[in-house]
Every structure is written in C-alpha cells, then in structure tokens.
Amino acid sequence: MASEINSIPTYPIREVARLTGINPVTLRAWQRRYGLLKPARTEKGHRLYSEDDVSIIRHILHWLEQGVSIGQVKSLLETPTPEVSGSNWQQAQAQLLDSAMALNLGRLEAEVLELASLYPAELVLRKVIEPWLLALAQLHRPDAQLIEQSARALLMRLLQQMLTIKSGPMLAVARVGQVRTQHALLTQFELQGQECRSLDLGVLDPQTLPLAVGRLKFDALVIVLGAGLSQSWFLEADAVLPERCFYVGELGTLYQQQGWLNRPFSVYVSDLKREHDASFSLV
C-alpha cells in the first residue's frame, strides 16, 4: 500500500525543482536524453512527479556528488552494488582547462553550457567552475594572463546569458568590500538553480539602499562579502539593511569568527537554504 501511495503522481515540475534543487531544464534533459525519469502527464501534457520520482532524483544527486557522470547514472541505479571509478568532475575541470589554454573559446563555451544544462548549479560551481578558476589563476606560463582573462570574460558572458528564469522569488544581490563582479554572477547563477530570480545591485552602499527598496521590490537581499570590512561597517549596515538579508562568501567565515555577523550567513546560497531554511523560506 505504501508503495502505491509513493507512486501516485502529485508534484508539478516546479515543486520538484524546489524540493530537490534541480531546475526544470535539467530535469527535462535527464528524462529526454538519458531516460532517468518517467513522470506522468496531465491531460494538458504537464509533467507530474511522485514521491518515488523524487527519491530517484535524490539518488541521482548522490551519484553525481560522487563524481559519476550523468550518462553513467542509469546503470548504477539498476545495479545493487555498483562500482565507481574515476571522477567526472576532475575530467570536466581538465577539459575546461585544456580548452582555455588552447584559447579555443568556442569549445570552452560548448563545454560550460553542456555542464550547466545537465548538472545542478551548485555542483557545477563547487566541483568544476571554482577549481577551474583557481587553476587558471595558478598558471605559470608567458600567456597565463591572456588565458585567464579570456576564460573569465567568456564565463561572465555565459553566466549573464543563462540568467533566464522568469518566475519565483526575486532576490537582490550586492557586493561589499573587495570582491570580484564574477562572484555576484556566480551567486545569481546558483540562486537560479534554487528557482529564484535575481537582481544585481553592484557595489552596495547600505546608507542609500533604503531609498531604493520600495522601487526595486525585491523579496530579500543577498550580500556577497569581500575583504576589507570592519566591525563598524557591520554595525552601521545592520541599522539600515532590510529584515530579509543574508550574507554569503568565503570571507564571511572570518567575519563570523570575529562575531561581527548578525544576519544569517553561509558560504553558498544553497547552504543558506539548508542551514537557515526557516528564514530563507521567507523569500
């Protein structure tokens, strides 16, 4: 009886995206290209997923986190004691690095877009993009600067193109301290993976923000923390920042250790949703 209940199609694709963190485009790709999911359809053709489908998606996520490529997942789901060798993430990093060093921007673009279409944004960022950007910054060769600059410029252009979501909560993203524009774009890309729209406010001046809040009409503010901030900055900002405000960024761990953060904080926005669900869900 429990199995029958679990197999009843209940959830539309947007709800499944919210529950699992996998956006609808990726869910459709998993079904169309790899046959990993077989959702029911309404009379109008809309997909409906069951609890069993949601469980399968979580199993897929487990294997992806282990470094298994999406093309290999189906056989693993069907094998009682699967064996896994190698890491799809390391291979993906190596491919991006090879394309960047060859200055083959067309191939690099295709590889980034393929990753973004087949894998959750959170995993793409943590497992591939961030290690790849670090490897670019550590190149020691005469043309290292050209390679890194051209690759970063391409990535920023692609991230901007991929911010296409039209519905969902609206989150404003702003930078403070010494932090690259790129980090705000990466945050926006990850927010889209959480089914949230985003608005880039650029470098934040907390004192002028209250003047614009009514016109911008965002549901919450995500602040990407950079270097060079003081305790007084946080004290002054806290008096004028909106109630629904969150901090993200690796440097935030240092400010947190100092006891300066009085708003919810996680390194990534995906962690915000997991660690501060009660407050993050307000958006």
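Contact here means heavy atoms within 4.5 Å. By that rule, and leaving aside residues up to four places away in sequence, Gln207 touches Glu236 and Val240. The model is predicted, so local features need pLDDT of at least 70, side-chain atom pairs count only at pLDDT 80 or more, and totals for chains, interfaces and linings use all residues. Numbering starts from 1 along each chain as its sequence is written, and side-chain values use heavy atoms, with hydrogens and water left out.

Gln207 belongs to the loop between strand E5 (197–203) and helix H11 (209–216); helices (H or I, at least four residues) and strands (E, at least two) are DSSP runs, numbered from the N terminus. The C-alpha atoms of Gln207 and Ala237 are 7.3 Å apart, although 30 residues separate the two along the chain.

The aromatic rings come next. Rings of Phe, Tyr and Trp (its six-membered ring) pair if their centres lie within 6.5 Å; planes under 30 degrees apart count as stacked, over 60 as edge-to-face and the rest as tilted. The whole structure holds six aromatic pairs. In one of them, the centres of Trp89 and Tyr119 are 5.1 Å apart and the planes stand at 65°, so this pair is edge-to-face. Because Trp89 lies in helix H6 (residues 88–101) and Tyr119 in the loop between helix H7 (105–118) and helix H8 (121–137), the pair ties together parts 30 residues apart in sequence. Both Trp89 and Tyr119 are buried, meaning under 20% relative accessible area, with a 1.4 Å probe and protein chains only.

Elsewhere, one aromatic cluster is formed by Trp233, Phe234, Tyr247, Tyr255 and Trp260.

Technical notes: Buried means under 20% relative accessible area, exposed over 50%, partly exposed in between (1.4 Å probe, protein chains only).
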